[in-house]
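Grab your viewer and follow along.

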Amino acid sequence: MSMMLAQRLAELGIDPQTLAARGLRLHAEPAALVEADRGADGRVFELIAPAAVAWQQLRDAAAADGISLFLVSAFRSIARQHEIVAAKLARGQRLEEILRVSAAPGYSEHHTGRAIDIGTPGSPLLEQEFETTAAYAWLTAHAGRFGFTLSYPAGNADGYLYEPWHWCWQTPDPRTPKEQQV
Ligand SMILES: [Zn+2]
């Protein structure tokens, strides 16, 4: 762990040992990001290049099936994650509660430029009821073809709350025959 990250954690009162005990892994920021999509408000969402292409293919395939998907978040820096946790602490939330919902800085999959939070019209953002939508049913059936997997299913070993909206792109296994890759 870098000195910078150790200082961030200390500043927030987070003990890296307790994160390690939960089996949580550090996630590094990538060297390069590209624009993956743009929100209706013009906000730019960034991912690493292959994940951006995979997201665009996923989104377009869903649209072709009549399912509208949009990004709620994509890449998030370690510095931004620090701000999010610090703001929650400043509002008086307890650290243990915060870390069930938010990753500690350095530990979010969003740092990698591979993780996305997905929304669909008519469903509140980042709420568990996303799992009741046609979008979620579609993702469950098809996201794997595009390299995306659900990171935090119900009862996940990482100790995070169930996040049906959070998907992460994995580098395709080179042993998978080309025609099965998208
Ligand atoms: Zn997420």
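What follows goes through the sheet, the helix across it and the zinc site.

Quick housekeeping: this is a predicted model, in which local features need pLDDT of at least 70, side-chain atom pairs count only at pLDDT 80 or more, and totals for chains, interfaces and linings use all residues. Residues are numbered from 1 along each chain as its sequence is written, and side-chain values use heavy atoms, with hydrogens and water left out.

The open sheet has 4 strands, ordered β3-β4-β6-β5, with antiparallel pairing. β3 (70-73) and β5 (148-150) sit at the edges with a single partner strand each, so one side of each has no neighbour in the sheet. On average, neighbouring strands here are turned by 45° against each other, direction ignored. Strands are DSSP runs of E, at least two residues, and helices are runs of H or I, at least four; two strands pair if DSSP finds at least two bridges between them.

β5 is joined to β6 (residues 166-169) by 3 bridges, and Thr149 stands opposite Cys168 in β6.

Helix α3 (residues 49-64) lies across β3, β4 (115-119), β5 and β6, at about 80° to β5. Contact means heavy atoms within 4.5 Å, and angles run from 0 to 180 degrees between N-to-C directions of axes fitted to C-alpha atoms, for helices over the stretch in contact.

Now the metal. The zinc ion has three donors, at 2.0 to 2.1 Å, spaced H-x6-D-x48-H along the chain. Donors are N, O and S atoms within 2.8 Å of the metal (3.2 Å for Na, K and Ca); water is not among the atoms, so sites may look incomplete.

| Donor residue | Relative accessibility |
|---|---|
| His110 (NE2) | 4%, buried |
| Asp117 (OD) | 4%, buried |

Buried means under 20% relative accessible area, exposed over 50%, partly exposed in between (1.4 Å probe, protein chains only).
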